[in-house]
Amino acid sequence: MSLGDRPLRAVCIHGHFYQPPRENPWLEAVEVEDGAAPFHDWNARITAECYGPNSASRILDGQNRIRTIANNFDDISFDVGPTLLSWLAAHAPEVYAGILEADRVSREARGGHGNALAHPYTHTILPLDTRRDKMTQIRWGIADFRHRFGRDPEGMWLPETAVDLESLEMLAEHGIAFTILSPRQAARVRPVGGGEWRDVRGGELDVKQPYRVDLPGGRSLAVFFYDETVSRAIAFEGLLGSGEALAAGLLGAFVPDRPGTQLVHVATDGESYGHHHRFGDMALAYALDVIRKGGQARLTNYGQFLEWHPPALEVEVRPDTAWSCAHGIERWRSDCGCRIGQRPDWHQRWRGPLRESVDSLRDALDVLYEEKAAALLRDPWAARDEYIQVLLDPSREQAEAFLARHAKRALSPSEGVEARMLLELQRHRLLMYTSCGWFFDEVSGLETVLTLKHAARALHFSRHFTREPLEDGFLRILSRAESNRPDLKDGATVYRRLVTPALVDLRRVIAHYAISSLFEEYPEETRIYAFTCRAQDYRRETDGRATLAVGQVRVTSEVTGESEDAAFAALHLGGADFACSLRGPLDTNGLERIRQDLFAMFGRHSITEVVRALDHHFESSSYTLRDLFLEERRRILALMTAGPRGEITQASRRLYEGSLQQMDFFREVDAHPPDVFKVIARAVLQEEMEQETARLVEGQGDAARLRGILQRAERLEVVLDLTPLQRALADAVAGWVWAVRAGGEEDLVQRATFLLEVAESPGLSLDLWEAQNGFHRAATAAGPHLHAPERLAALGRSLGFSEQYLAALRAVKE
């Protein structure tokens, strides 16, 4: 099956892993997304369903026990969007490390060719970008790749495989050797070196070999056209239903008795393997194992195959085409008919005006940027291209070194801030082209609103440099983007209702600090998202239900360095009644006079006078609870309602205890308890379950009591939310197993085993992914904590590992 070291049959599976940048553009953090519950946000949810499982996927035996754990990234070709990699590095470091390690492992296994491909910095449709934007996107993507993977990329994935010759020319100029396209993007082929062209637009392209694109500038680039039939079966037709089926589908794509080398390769969204198709990562891991051990084909990646088999055919690519639009690239600028289709009655006429509005805004912002940055930077556009270094290392030292390289002269502190603001304007101007903003069906959708938020952030920066009403022109065009929702009307209304309220300036950060300080003890300096607040003076008093805080604070943006000082007074009258006012900074005496005045009135219980004094002493309009950032707002609401909730719980318990005998009687006579009884019982039993779980996790609870609570709920026909119980037990088990990995005491093994026995109660199903990963790492690493292998093996059985796995573990240790 091979010619020397070069196989005649090879398989390459490519996964395109990507999420749009979900960060709030002002806070530089992903806020809670309710649609992703029970996870904090969609990044977290998809990491748990896909990115994490693929970095540690289970291969099971015939009894559904773990035979081994495999990192799928070791054996597949992949690209991960830079903004997603940045999020993973901060929020899922184990997964991030697994992805980087997989590229290192693959380089060692495949002659120096790593599995990872680069990706333009954002998921933009390159053919619709200006030449200058294409350049920055490609340069930022390559710089990000080098920073993370420690090497130059061989290949680059094009978002949506959207292609034109200019983009390919730029890839080649930057040393990229190959990319991946859909077979529908090939026009005609001929032998390298000349010959007659053959039209392949009718589906006659041989996708089992690479092709060369000769570019107008004299360079060339290799292109791999993926197998569309098998790729579609993986993504949409259920081929991930089992690992056996996936392996058979891949191996069955080889042409029998065909002479020469064949490469069967597929490309899909990486999220197919676990997020779109549950357990898709396990099907992939099993198929990779089958192919690796079966001897019918060799697993490879594109760089290695290209070394084995340089292109023998030249191809002409169909420009302005993409893999997810049958009409070229119209999906990102017109109502072409391509859509998700959940609402067949909805149109996408909004796409054209949305594209026109951001293009118009881009042009206006670029003129402003070039004019203002030219006074500060030697070459504004070269500075933008290198600004990625600051994004990768946002330390003050890196920012200062960057400005030293690019500034026309030594900049004053205020000029340094302005330079950073201009570059941030450009970053958000690039992010507003994220393709997801056009991909889905409605202009008010989550992804489109994110696009508009980046546009708003760029406009926010622009107001520092011009009084020209750039937003007015932007909204005038956006008003032509007709929404499918009558209540939202058009894109301009979407912007005003869903985007404008999210805007954050330094004064809103100070108001957030002031109001939240009524409930939280802040240190002298504290970080609030992308801002640092430093208290210069602060005093707080509580009298009954009312609390008053007066102080002065300096807030500084960690992104641009801009800062502002302000004095504030925040008043909580109980319930949802808040008032917070700001004014410019005061000297010590001025602040003290106002503070004495306010607290004297507060001490006399003259709340009306305090409110009037706020209006007298402070200049800004009043801020309320609504002006807090979302998660802090919800946290404070929970604190505010703790008292009433406690009272309701106590009342529920009294009613429950009083009705328990009646509920038991209903069961004795084979009747169903009234729903109102069950509602009360659920509230009480849910609290009891969560309290007993907390005690168990701390090593003080009673497993029999927990089982009794669950059995009583079942007897009374009460359906409890088991999620908090299951999550707490799973987290505790994982924590103790990871402690074992780090060399913890042997009693941690016993604790983890005990909780797993508790979890055998009917109805409980623990997510043991983290615990299994910890056990696998502990078991396969040498250390003093492995002196009791039988106890460890017992824990392994409880975690679902097979006897084959445990026997192999014992053999290695012996």
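**Exercise 1.** Is arginine 232 buried, partly exposed or exposed?

*Solution.* Start with the model: it is predicted. Next, take the value for arginine 232, a relative accessible area of 37%. Then apply the cut-offs: buried means under 20%, exposed means over 50%, and partly exposed lies in between. Therefore arginine 232 is partly exposed.

**Exercise 2.** Find the salt-bridge partner of arginine 232, and classify that partner by accessibility.

*Solution.* The side chain of arginine 232 meets that of glutamate 237 in a salt bridge. The N to O distance is 3.2 Å. The cut-off is within 4 Å, so the pair qualifies. Now classify glutamate 237. Its relative accessible area is 51%. Exposed means over 50%, so glutamate 237 is exposed.

**Exercise 3.** Describe the pair glutamate 592 and arginine 595: distance, location and accessibility.

*Solution.* First, the distance. The closest N and O atoms of this salt bridge are 2.4 Å apart. Second, the location. Both residues lie in helix H20 (residues 588-603). They sit 3 residues apart, about one turn of the helix. Third, accessibility. Glutamate 592 has 26%, so it counts as partly exposed. Arginine 595 has 9%, so it is buried.

**Exercise 4.** How many salt bridges does the structure hold, and which residues are linked in a network?

*Solution.* The structure holds 63 salt bridges. A network of them links Arg67, Asp75, Arg110, Asp289, Arg292 and Lys293.

How values were computed:
Residues are numbered from 1 along each chain as its sequence is written. This is a predicted model: local features need pLDDT of at least 70, side-chain atom pairs count only at pLDDT 80 or more; totals for chains, interfaces and linings use all residues. Side-chain values use heavy atoms; hydrogens and water are left out. Buried means under 20% relative accessible area, exposed over 50%, partly exposed in between (1.4 Å probe, protein chains only). Helices (H or I, at least four residues) and strands (E, at least two) are DSSP runs, numbered from the N terminus.
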